[in-house]
Amino acid sequence: AAGGMLGRNKAKIDLPPLRLSPRLECLLSLLPPAAGRLIDIGCDHALLPIAALERGMVGSALAVDVRS
């Protein structure tokens with residue numbers, strides 16, 4: 001599946017750190033230190049999982065949203 005294909009491509013892109021709103025920073029601060037995976041349902045633009053991955057707070061993340 002597509003997720004497996006993306007998992008094999010480990011190309012690194014140098015981007016500036018993601019800046020979060022105070023609301024999302026607050027949510028990220030509630031993440032337990034030993035969290036292995038973050039699942040964000042209704043993620044909008046997936047900013048929270050991306051930030052958690054960039055900061056090394058989780059080993060993996062799943063972002064799900066429905067576009068109508």
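1. Helices here are DSSP runs of H or I with at least four residues, and strands are runs of E with at least two, numbered from the N terminus. On that basis the protein has three helices and two strands, and from the N terminus on these elements run α-α-β-α-β.

2. A word on the basis of these values: this is a predicted model, in which local features need pLDDT of at least 70 and side-chain atom pairs count only at pLDDT 80 or more, while totals for chains, interfaces and linings use all residues. Residues are numbered from 1 along each chain as its sequence is written, and side-chain values use heavy atoms, with hydrogens and water left out.

3. Of the 68 residues of the protein, 21% count as buried, where buried means under 20% relative accessible area, exposed means over 50%, and partly exposed lies in between (1.4 Å probe, protein chains only). The accessible surface comes to about 5,600 Å², by the Shrake-Rupley method with a 1.4 Å probe, and 61% of this surface belongs to carbon and sulfur atoms.

4. The largest nonpolar core consists of ten residues, namely L20, L24, L28, L31, A35, L38, L48, A51, A52 and V58; such a core is a set of buried Ala, Val, Leu, Ile, Met, Phe, Trp, Tyr and Cys residues joined through side-chain atoms within 4.5 Å. The elements that give two or more residues to this core are α2 (22-29) and α3 (47-54), and the largest share, three residues, comes from α3. In soluble globular proteins, nonpolar side chains tend to be buried together.

5. Within α3, the residues L48, P49, A51 and A52 are buried. Seen down the axis of α3, these buried residues fall within an arc of 165°, so they line one face of the helix; the arc is that of the directions from the helix axis to the C-beta atoms. Their cover includes α2, β1 (37-41) and β2 (60-64). A51 touches L18, L20 and L28, leaving aside residues up to four places away in sequence, with contact meaning heavy atoms within 4.5 Å. After α3 comes G56, whose phi is positive, near 70°.

6. Among contacts between residues at least 6 apart in sequence, 34% join residues at least 24 apart.

7. On the cysteines, a search of the whole structure finds zero disulfides, a disulfide being a pair of cysteine sulfur atoms within 2.5 Å. C43 is buried, with a relative accessible area of 12%, whereas C26 counts as partly exposed because its relative accessibility is 44%.
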